[in-house]
Amino acid sequence: MRKTVQLLLTASLCGCVAAAPRPDAGGQRIDPIPIPLALEEIITTGIRQRLPDPASARFGKMLAGERTLNGRKEIVVCGFVNGRDSSGSYGGDQAFIAKVYPDSGSSFDLVAMGDASETRQIVGSTCSAAGLPISGSSSKTQL
C-alpha cells in the first residue's frame, strides 16, 4: 500500500516537477511570485476543505511560482499546514503542493499533501527543483 501511494504521488507530481529550475516545454520557467491576499485566500480555502477540522488550520511557510504550460497559465504553490485530526489534537505539519489556474476562474487543484516523511521529502525535493525551496515548516500563522 505504501509503495502504491508513493508511486501515485510521484506520478501526480510529474506536471509540476522540473529537474532544475529551467524552461519547460512552453519556454517558461517557474518564476517565484509574492502571494497576494486573494491568492492566499484561494489556497487556504482549498487546503482547509481537505482537513478534518478546517477551522484549526495553521499555515506555515508558503511559496508560489508562475508559469505557462501548454498555453495554460498556472500558479504552483508549495507550503505547510497543521490542523487538528479527528481526535482533536494537532497532527504535525503536512507539506503540500497545489496549483491555481487564474485563467479558469482561479480553480484550485491539490497535487499532493501529507505528513509522512516520504511525502514531505517528495514535496520538498519537487518544490526545490521547481525553484520553490520550502525546507523547514514553522507553522506559526493561523489564517
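This is a predicted model: local features need pLDDT of at least 70, side-chain atom pairs count only at pLDDT 80 or more; totals for chains, interfaces and linings use all residues.
Is Arg67 buried or exposed? With a relative accessibility of 4%, Arg67 counts as buried.

The chain holds three helices and six strands. Followed along the sequence, these elements come in the order α-β-α-β-β-β-β-α-β. The chain has 143 residues, and 39% of them are buried. Its accessible surface comes to about 7500 Å², and carbon and sulfur atoms contribute 53% of that area. Among contacts with a separation of 6 or more, 61% are between residues 24 or more positions apart.

The charged side chains come next. Side chains of opposite charge can pair when their charged atoms come close. In this model the count of salt bridges is three. One of them joins Lys73 and Glu66, with 3.1 Å from N to O. Both partners are partly exposed: Lys73 has a relative accessible area of 29%, and Glu66 has one of 27%.

Arg67 takes part in another salt bridge, with Glu74 as its partner, and here the closest N and O atoms are 2.5 Å apart. What is the relative accessible area of Glu74? The value for Glu74 is 4%, so this residue is buried. Arg67, also at 4%, is buried because the cut-off for that class is under 20% relative accessible area. The bridge between Arg67 and Glu74 thus has a buried residue at the Arg67 end and a buried residue at the Glu74 end.

Glu74 also forms a salt bridge with Lys99, where the closest N and O atoms are 3.8 Å apart. Glu74 belongs to strand β3 (residues 72-82) and Lys99 to strand β4 (residues 94-101), so this pair ties together parts that are 25 residues apart in sequence. Lys99 is buried, as is Glu74. Arg67, Glu74 and Lys99 are therefore linked in a network of salt bridges, because Glu74 is bonded in this way to Arg67 and to Lys99.

Aromatic rings are the next topic. How many aromatic pairs does a search of the whole structure find? The search finds zero. Charged groups do sit over rings, however. Arg58 lies over the face of Tyr90, 4.3 Å from the ring centre. Arg72 places its charged end over the ring of Tyr101, at 3.7 Å from the centre of that ring.

Finally, there is a covalent link between side chains. The structure holds one disulfide, which joins Cys78 to Cys127 with an S to S distance of 2.0 Å. Which parts of the chain does the pair link? Cys78 is in strand β3 and Cys127 is in helix α3 (residues 117-129), so distant parts of the chain, 49 residues apart, are linked. The torsion about the S-S bond is about -90°, which means that the disulfide is left-handed. Cys78 is buried, with a relative accessible area of 1%, and Cys127 is likewise buried, with a relative accessible area of 1%.

Note on methods
Residues are numbered from 1 along each chain as its sequence is written. Side-chain values use heavy atoms; hydrogens and water are left out. Helices (H or I, at least four residues) and strands (E, at least two) are DSSP runs, numbered from the N terminus. Buried means under 20% relative accessible area, exposed over 50%, partly exposed in between (1.4 Å probe, protein chains only). Contact means heavy atoms within 4.5 Å. Accessible areas come from the Shrake-Rupley method with a 1.4 Å probe; for residues, only the protein chains shown count as cover. A salt bridge is a side-chain nitrogen of Lys or Arg within 4 Å of a carboxyl oxygen of Asp or Glu. Rings of Phe, Tyr and Trp (its six-membered ring) pair if their centres lie within 6.5 Å; planes under 30 degrees apart count as stacked, over 60 as edge-to-face and the rest as tilted. A charge sits over a ring if NZ of Lys or CZ of Arg is within 6 Å of the ring centre and within 35 degrees of the ring normal. A disulfide is a pair of cysteine sulfur atoms within 2.5 Å.
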